[in-house]
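Hello,

I am handing over the structure that I have been going through, and it is shown just below this paragraph. Please look it over first, and then read the notes that follow.

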Amino acid sequence: MTKDKILTIVRGEEFKINVKKEIEETDIFYEQYVKAARILDDIAASDSMPEVKEWLKTESENNIIAFCGERGEGKSSAMMSFINAAYTSDAGAKRTIFGDCENVKKTLFAEPIVMDPSMFDDVHNVLDIVLATLYRKFRVKYDLDNQCLGMNEREKLLDQFQKVYRCVSLINNQAKMLDNEYDYEGNISKLAKLGESTGLRNELKQLIEQYLNVMLGVPGPDKSQKSLLIAIDDLDLCSSNAYKMTEQIRKYLIIPKVVIIMAVKVEQLQLCVLEENFKSYENIIGSGERKSELFNEMNSMAERYIAKLIPRARRIYLPKVQTILHARILYENKNKEIIFEGSVKDSMNEAVLDYIFLKTGMRFLINKSNVNFLLPDNLRDMVNMITLLGDMEEPGGDNSIYYNNIQRFCDYFEKEWLPSNLESEDYKAIQKAVHNNYIQLHEDAEFALRKFYNMTEKKVDVAVADYFPEANHSFFRVINWLEVFRLNVFGNLEEKYAYAFYILYTIRLNELLRQKEYDEMAKFMGGYIWAGSFVNVLPNVQGNMLSRSRFILPTIRVFNTIGRMLYPDADILLTGTAVTENYVSKISEKDGNREKKIWVWLLLGLLSNTYGFNQSNQIVYTFYTLRVIFPNYVLLQNLHVSLENFMISLCNLTSLYEKINMELLGIEKDEFVKYIENIEMYNKDVIDVFRNILINIDLSLKFKEYCQEHRESRERGIKDEVGRTKAAVDQFFRNVENFADKYLGGPNDDYTRIRFNSLVLDCDKEGNVTEVDISQLYGFLVQACVQNVENIQTNTNNKKKEEEINVFTSKLRERVLFEIPLRVVSSYLRNKSAENVKANMDNLASNIQRYYSKHPEERIENSEIMALSSFYSKIIDLFIEDPKMNISDELHEEYKDIVYKFQKTC
């Protein structure tokens, strides 16, 4: 079973190469170290094989191990840690990464040679550095103990150094080599020098063998092999000399008893080789007509060259830090004192996001691909972010510390994250928006997101729903565009661009929260997070599919429904009807029900929002421009009722004063504040949860999605609408509880103790609590809406029925002077639908009018008109209910009698 991973960061050493003293199973690169150990074991095994005749050998076993990855992914640290483990650890003493590597256990490693690419230039190269380092290490050992080897061994080793150095010098002096090669009149002894240069590989192999014998002495009984480790860090960074270096490695250093360990970006090294190919074939490219084919061929040549130098089986790709699973962060100082120790999370991403939440209070979430665009995708930048967080003060619940930490995080976002993740034009525009007021910010953000969405091709084409605000600076329209990107855009750059606004808006809202600028937060939001997109959060009403998530109800019915539930015996209800213009008056200070009326108005404001219509008769979601009570004391006719209103209003209760226009009710601001202070005091935990959900953009979008997915409740067996809605709303508040526990909860948080569906209004000295069951109250409001819709529908149907019957009877009673065409009337109905019967009866009435207009001497009796109208009325009832519904057999018989009786008119 894989152990949990620990990312250990030491303060003061965050940006140095981190060389581990021991490699443990909790190391984030442990699996990669194990793979490297197995490759090293394979190389050691090839070194122990018997020598073959020189002329039969084509080349030695490849001896390169490459730690591969992008810049900042920890290649250098991994390479050095692995070399240190191979050189210093006793592989056979305990279970290490070399526990299964029998050949490594038999090998004694000399002190490694570590080469920095900054050493490589036009003068010094790989061979120079290797040779100079070997000689220096030998001299240090010999100077410390000149008895470590005999005179003959010393002279033999120095002579071998001299041979190799002479060969390297000849290779480095290319012009001199050519002169010797083509000097036909020169001394034949020059052939010996030429042979020395071509035999460099063998000479170097002998030198290293002698060097290892001197430096390591006689190995113990458990060590039968010797080897030299050569580390080359970031060879690809030396772009001007990279090809020359790789050629020297390929020709001379792939030899027995040597292991080359690299930290390299393979793609970059391949580009260096490709560049050399361009130089070599520039004449062909310049004169060729098939440049694209030539480019493809040279690119393929470069790829094959690198594949031979560093076989794919020898490449160890380090994991992206964002993909590391089951990990935690350990941040400590040099004395091993813990600065921060996170708990184990499913991924490194979650661990860092938890750290951000701990220090700033801002919650960001991983997406469906298990990444978050805020987080860096390489280890170096991730350590940089963790260091930034580690240097922040521990908030301990102090809003001022939270605010200071958010400011530091905002600086990081503005000056580091934006330039590193977005195109220049895009990030500069967002940098300006960081400091805009909310009006300009909303306008710029919506324009930018709309433009970017229309320009990108990496999206699923859908009809984007548009909801209409009262002003251009609309917060909910920005949120809706972010949701459009979240659901329909799949380009990495496009998603990252949209996520910049997630971060920016989360920062701005959290700044307001920590400064307790609740009024400004209300203005920033404008009363809505989702507005028209807040659908399917609750299941619709059974039967008529009325939306419970947001519905329209006359203001007077909202007030009276709340009043009846809270105070059934008090005389506080408003008079008037839902369709008339209703007035309110000030609440007298002597009114015995004054406090109760104020509570009802407060709850009305909590659960509802105003709305209007634009010139195209489309709903406009209002917050600033419309009040529940107009300045002339007239009530706004209808309100939107929604749980979204309840959540947002709880986050800023003072906004209710202006929303309702309570001053017109004779309620001073100071008196009003006492009421909302009660709500804030007794419902603090509920308000804190709602605030955290709404001000963190990742959470607010995820919350709506979560509620939509978990909206089904046990309401099927409940008979009345109040009970069914109460069950649905209770499920909504359970979703709040579960969501908070999943995304907001720490180890000591218990959200089950919070009653989200109950709002405490007051508590007397004896501890008696006045509270409101919001789920039940919402159930009464939905029931009132259902009844209101039914009444409207009934009135509409009655009016329609009355109009139809009046037209029908007028044909029976009135006579015309012009010719009316004779219409077809079926005597026997094959199609018995109400729609067909109505059409035949309309034709019969027209024929009766035609007949009696042509025969004025005859008249139809009033009783006959009444009988026809009575039958027609029954058909209209069925037609309004369902035009396709078949009439009964009794009505069919009655129909046949009527047609037979008035057959002469047809």
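How many bridges join S13 to S16, and do these strands run parallel or antiparallel? Two bridges join S13 to S16, and the two strands run antiparallel. Before going further, please note that this is a predicted model, in which local features need pLDDT of at least 70 and side-chain atom pairs count only at pLDDT 80 or more, while totals for chains, interfaces and linings use all residues. Residues are numbered from 1 along each chain as its sequence is written, and side-chain values use heavy atoms, with hydrogens and water left out.

Some terms come up throughout. Helices (H or I, at least four residues) and strands (E, at least two) are DSSP runs, numbered from the N terminus, and two strands pair if DSSP finds at least two bridges between them. Buried means under 20% relative accessible area, exposed means over 50%, and partly exposed lies in between (1.4 Å probe, protein chains only). Contact means heavy atoms within 4.5 Å.

**Two open sheets**

S13 belongs to an open sheet of three strands, in the order S12-S16-S13, with antiparallel pairing. Its edge strands are S12 (550-554) and S13 (608-609), each of which pairs on one side only.

Another open sheet of three strands has the order S11-S15-S14, and here the pairing is mixed. The edge strands are S11 (468-469) and S14 (611-613), each pairing on one side only. S11 and S15 run parallel and are joined by two bridges, with Val 620 in S15 as the bridge partner of Phe 468.

Strand S5 (residues 225-233) is largely enclosed by the rest of the structure, because nine of its nine residues are buried. In a regular strand the side chains alternate between the two faces of the sheet. Both faces of S5 are covered, with Gln 225, Ser 227, Leu 229, Ala 231 and Asp 233 buried on one side, and Lys 226, Leu 228, Ile 230 and Ile 232 buried on the other.

S5 pairs in the parallel sense with S3 (residues 107-109) over three bridges, and Gln 225 is there the bridge partner of Thr 107. S4 (residues 113-115) also runs parallel to S5, with three bridges joining them, and six bridges join S5 to S6 (residues 258-264), again in parallel. Ile 232 takes part in two of these descriptions, being the bridge partner of Met 115 and standing opposite Met 262 in S6.

H2 is mostly covered, with eleven of its 14 residues buried, among them Lys 75, Ser 77, Met 80 and Phe 82. The end C-alpha atoms of H2 are 20 Å apart, which agrees with the 20 Å that its 14 residues should span at 1.5 Å a residue (the expected span is 1.5 Å times one less than the number of residues).

Helix H10 (residues 266-280) has 15 residues and reaches 21 Å from its first C-alpha to its last, close to the 21 Å expected. Its buried residues are Val 266, Leu 269, Gln 270, Cys 272, Val 273, Leu 274 and Asn 277, and what covers them includes S2 (64-68), H9 (242-253), S6, H12 (291-309) and S7 (315-317).

**Two single residues**

Leu 635 is placed in the loop between S15 (619-621) and S16 (638-642). Why does Leu 635 count as buried? Leu 635 counts as buried because its relative accessibility is 7%. Leaving aside neighbours within four places in sequence, Leu 635 is in contact with residues including Thr 555, Leu 574, Trp 601 and Phe 630.

Asn 488 is found in helix H18 (residues 475-488), and at 14% relative accessibility Asn 488 also counts as buried. Not counting residues up to four places away in sequence, Asn 488 touches Tyr 453, Lys 458, Lys 459, Val 460 and Val 462.

Best wishes
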